[in-house]
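Take a look at the chain below. The paragraphs that follow go from its overall build to two of its residues.

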Amino acid sequence: MEEDGKVKVIQISIPNEANIIFGKSHFIKTVEDISEIVISSVPGIEYGLAFCEASGPCLIRTEGNSEELIKAASENAKLLGVGHAFILFIRKAFPINILNAIKDCHEVTGIFAATANPLQAIICETSQGRGVLGVVDGFSPKGIETEEIKKSRKEILRKFGYKF
């Protein structure tokens, strides 16, 4: 018998001055492997990680070096309730600093978002559980950049040290 799923939009609460990497993985080893990637990639990075186990005891597994970010990741993971999803909050670094290493992690099957923008997860709930249909990352475009705005975009990349 087929069942209709219920679609929900969940607002993810991102702590001040933090970025989020929201993804999907398949094994509890993810918690330790992502933690090793994070702390070995950027000296001084602060992070909190929560991973939703999808079998056995179905617990939210956590790691991190910032109690505030661990708590925020845990609360958001509980609100989402999506098996095998993970939420990683970081400070003192940007997703660009660690994203490729996380995507290369053997357990990681995909990334939904890497952002500091307001983020909504579109969730489908069935009798079995919940899954992510997609995300809304930030806001809709308001126009096309002018030459002046293009210049400021290039300047900010240099200010952050991503371009010479």
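How many helices and strands are there in the chain? There are four helices and eight strands, where helices (H or I, at least four residues) and strands (E, at least two) are DSSP runs numbered from the N terminus. Their order along the sequence is β-β-α-β-β-α-β-α-β-β-β-α. The radius of gyration of the chain is 17 Å, close to the 15 Å that the globule rule gives for 164 residues, so the chain is as compact as a globular protein of that length. Here the radius is taken over C-alpha atoms, and the rule is 2.2 Å times the number of residues to the power 0.38.

This is a predicted model, in which local features need pLDDT of at least 70 and side-chain atom pairs count only at pLDDT 80 or more, while totals for chains, interfaces and linings use all residues. Residues are numbered from 1 along each chain as its sequence is written, and side-chain values use heavy atoms, with hydrogens and water left out.

Of the 164 residues, 37% count as buried; buried means under 20% relative accessible area, exposed over 50%, and partly exposed in between (1.4 Å probe, protein chains only). Among contacts (heavy atoms within 4.5 Å) with a separation of 6 or more, 65% are between residues 24 or more positions apart.

Now the backbone. Most residues other than glycine have a negative phi. C58, in the loop between β3 (46-52) and β4 (60-64), has a positive phi near 50°. C58 is partly exposed, with a relative accessible area of 45%. K92 also has a positive phi, about 65°, and is found in the loop between β5 (85-91) and α3 (99-103). K92 is exposed, at 61% relative accessible area.
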